[in-house]
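Walk through this structure, starting with one chain on its own and ending where two chains meet.

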Amino acid sequence: MINISKVSNGILCVSLLAFISFVAYILFINQEVFYTAHDRSEFIFGAPFFHRLLSKPFGLIQYVGAWLTQLFYRPALGAGVLAAIWALIFYVGSKAFRLNGSAAAMMLLPVACLLTSVVDLGYWIYILTLRGYWFSQSVGYLAMLLLLWVARCTPRKWHIVWYIFGFVVYPVLGWFALLFILCLAVVEKITWREIVGIILLIFAALIWHRLFYSNLKFDDVVFAGLPRFVTPTDSSTHASIPFWVLGGISILISLCGRYLDKWIVPALCSVAGIIFVSSLMFKDKNYIDEMRMVRYAEDDNWKEVLNIATDAKKPTTTMVFLKNIALMNEGGLLDRSFKIGNIGADITNPDSLFVSLLSIASPLVYYNYGLMNEAIRLNFEMAEQKGFSPFYLKMFSRCALANGDEKLVERYTTLLHHHPFYANWKPAKVAKNVVDLQRAYSDELTGVENSDSYIVNTVSLWRDSDIKVASEQALFYSMLRCNSQCFWPSLRNYLKMHEGGDFPLHAQEAYILFVDRAPEEKRMMIPVEEEIYNRYKHFCDILSKQVKPGKTIGKVAEEMREEFGDTYWYYYFFGRQYSNTVNSKDSEIAS
Amino acid sequence: MFGVLLLLSSCVSHPDVPSASKDAKCQPDIFPDYCDVTVPCNIAPLNFMLLKDKFDECVARFTTADGKQQTYGDGVKVQIPEDEWHDMLDASKGKSIKVEVWGKKKGEWLSFKPFEIRVAKEPIDEYLSYRLIEPTYVAWSFMEIAQRNLTSFEETQIFNNEITMNDRAKGQCINCHSYQNYKTDNMLFHVRLSNGGTVIVNDGKVSRVNMKRDYTISGGVYPAWHPTAKLIAFSTNLTRQAFHTSNDNKIEVYDLASDMILYDVTTDSVTIVSNDPELLEVYPTWSPDGKYLYYCKSVPLPEEMRDKDIRTTYPKVQYNLYRRSFDLATHNFGDEELVYDAASSDKSVTLPRISPDGRYLLFAQGQYGCFHSRHRDADIVCIPMDKFSGSALTIEASSYVDLSSLNSKGESDSYPSWSSNGHWIMCASRRDDGNYSRVYFSYFNNGKVEKAFLMPQEDPEYNTFLLKSYNRPEFMVEPVKISVDEFSKVFDR
């Protein structure tokens, strides 16, 4: 008997230890995600934000959650607080559900659900409109368990009071109030009290909508607080799975928790939790690298941006743009850019969600190209929909500083100064390149221009600029457009502005290619390095050998990548994204 | 617990005046700037603060006309309980409240030169409504039309753009709330895109109408209720916006076409008032007696520009102010009269409003265009109507009333209006930071205008925390009594 008990306790300890280690590991590898969570999570100090959240059910918990999300500025601190809440959930849950011995391990499952909910978002992180999402579910669930614990400590005849209380706290706890009523009702044998509880549960949202929230849509009151992943154009069901499972498991534990004091339960729960988290967690190297690049770019740490870009095998479009800005600031854009790579890969995502440079880093990119009005506009469009988070407030401050709007800088920095980790934040001095590029941009009226090709086209038109950095950018982006009519004037202006300087490698490559491809065009004669010219001839030879009926462009690109992936020619034939003719990788090669 | 918290939060700090202080030899730099302003005798407390990064503490002593004194100060903020403030106003009606301010900086108190708050005998209309919206461009999410009690800090929602939205991809926009004679039994606002229509309240009854007819270019846009009849003049507009790539104004809003219509609420009929195909008519407003309809109309573009894209011609689109007489019995309009010729001075006039006594005309004036809330050069202009004798007034007429104490320097001042007693001018101004528009009031008496002051808030920092603009502020003498829920029901029908 003693031995069985010891084995049982041993299995419980080992299972807990394994699960805790797993949680710690998952939290550790998601540090960058948590930093981004704080950067994209809105918490505005003061009455307007507080009242806005409190005007909706579950708003108070969201407010608390939004405040706590600020702690993710130090990801370890935020993750630590989150883990502490989960530890409390484990403890309070085992008391509330009266889980004895090995049965207590059942509480690992709600924790696994909550852990999953913060690591399965993927690109939703950039477009999430749910305030305080990162902590609110954990805080709400803990509050629900505390209520359940207290309720179950009172005599059974008082339960009717608790059902009514659950109804009363619906504006605070939202769907957790309903879960509380349901859990309390199912742990006991059905009597008239439980029937009253269930009736209250069914009509809670309706009554509150009539009584108090009549200025809201009924949809927004029903199941208040239960995260729904919906935007005007996208929706996801997979990100809601952890919450439905959380609710289901809570009811299951209420129903049969007392029968689960078996030695095998901890091991099963631990394994189930690990499998659940692992299967739903969003895993993608580019996703994390992109976050790191944005973080470094925000701090103008272009060296680190370049380091990450250099290591990336198939960078996303956002990464390509940030890398090129880094090269503009660190030097070597026309010598290194195509070596590192300019072919932007699509993001990977488990659902139909479309997220692009626009949501990830567009204000940052426009700012660094001196396109200040566009940066401000996009910043507003994004912040207004997704929340005035630190990322956007910092960008607003920087744009205002670049425009010389001191009062506006003060407004945004004042808001940031209420953040626990931005108390002394000031926008960095506007870089010389940004100032210069701002001057390169003449005023005109445009429509709604949000695409990344707008940046490419706009910058490529700076071909008459008498600003050095603008002439370099114009040449580079005319090369990205694969447009010889843009290329020649840009090259002329670049050489004029960089008189006496070297003829950069990629510019030579483009020069050789355009001379070869469009000999009829009015061009200039410039000496190029023999080695580069010979390599181009070799490239053409290989390409002509690869072209066979039935062979796709994608296949040829794959085979030539190893040898020529670092050249402009490779981009021109296989990677062009911003020219008028778009090559499909699956289409057959035309001779 | 909650009660204790409430009790604590309602405690007012009446600090002692510093026993020793250094003379700052200047008035305090307070936000909002309430130094030497004239305020209505029923306005909410003028709470203010010293700048946080310059001071650690603030104490203010208020001395009313009857000699009573009270001190306030909590950190750098001065927040006065409503009842105490209204007692002060009552005691100083027609006179002044003296305000002495001390600021603590690095452990040392500075005493500033006192300033006065003059309390006018004339009250301000008790309510104000506005749309709260981010100063955004294309995208938006939540917006609301709200009403504020100006004698307190109470703000409630009139309508929001979520409750009736049935198509998320389309979104919903709400705008152009308007009232008949400052009262709310006859009012309207527009709902655009998803579940769109114009919500009209007619003697307290709510309905939704579609004003688009096959002979109009759009449904009703900018409205003006006739002061006595159930008639609403609207402009109909094909409005577009475009964005400056490198200009402080950032946004241009312009009309490709605009006409004017008259909507009869009783018969649900729409008649054309003017529809010149070459010119743009916009911003109708009635004279207080209902006998004239004032409106803005563009002047013809120079010949060489007529066929060009408006994106290149926009700086040359300028509006003058016109009026037409109106016969209420026949609903007929008389001939057009040019009231104010702005274009001859290379200016453009928008948003006219006649004072309730009919003696003064307010409008917003900038160099070009019809959307001055985005033009940094836009200012409010006031013209005495007795100067208009049938021949057009010109820019010289704008010097008869000095509005320099109302207008800001270098930031947009737009959307002027009169209080119902004609003693308070209100405008929406972006003067605080060039981006977020706020409501400013000025006292007006026989053509004299006092220094403008910002609409007071319970927490003076509220204006910093609120990331929304006050759009289309309109005075009301009573609140809108219909709830959001009741309004939303007309969308179910």
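Of the 493 residues of chain B, 46% count as buried, meaning that 20 or more other C-beta atoms lie within 10 Å of the residue's own, with C-beta atoms placed from the backbone (12 or fewer is exposed, in between is partly exposed). This is a predicted model, in which local features need pLDDT of at least 70 and side-chain atom pairs count only at pLDDT 80 or more, while totals for chains, interfaces and linings use all residues. Residues are numbered from 1 along each chain as its sequence is written, chains are lettered from A and ligands numbered from 1 in the order in which they are written.

The radius of gyration of chain B is 24 Å, which agrees with the value near 23 Å that a compact globule of 493 residues would have; the radius is taken over C-alpha atoms, and the globule rule is 2.2 Å times the number of residues to the power 0.38. Along the principal axes, the C-alpha atoms of chain B fill a box of roughly 75 × 55 × 50 Å. Among contacts in chain B with a separation of 6 or more, 57% join residues 24 or more positions apart; a contact requires C-beta atoms, placed from the backbone, to lie within 7 Å.

Chain B has five helices and 34 strands. These elements are DSSP runs numbered from the N terminus (helices: H or I, at least four residues; strands: E, at least two), and two strands pair if DSSP finds at least two bridges between them. An open sheet of three strands in chain B has the order 2-4-7 with antiparallel pairing. Its edge strands, each pairing on one side only, are strand 2 (30-31) and strand 7 (77-78) of chain B. Strand 2 of chain B is joined to strand 4 (residues 48-50) of chain B by two bridges, and B:I30 stands opposite B:L50.

Strand 10 (residues 115-119) of chain B pairs in the parallel sense with strand 3 (residues 37-39) of chain B over three bridges, where B:T38 has B:R118 as its bridge partner.

Now to the contact between the chains. Chain A gives 34 residues and chain B gives 37. On the side of chain A that touches chain B, helix 21 of chain A gives the most, with seven residues. Strand 3 of chain A runs antiparallel to strand 19 (residues 231-244) of chain B, joined by two bridges, and A:L445 has B:H244 as its bridge partner.

Note on methods. Contact = placed C-beta atoms within 7 Å.
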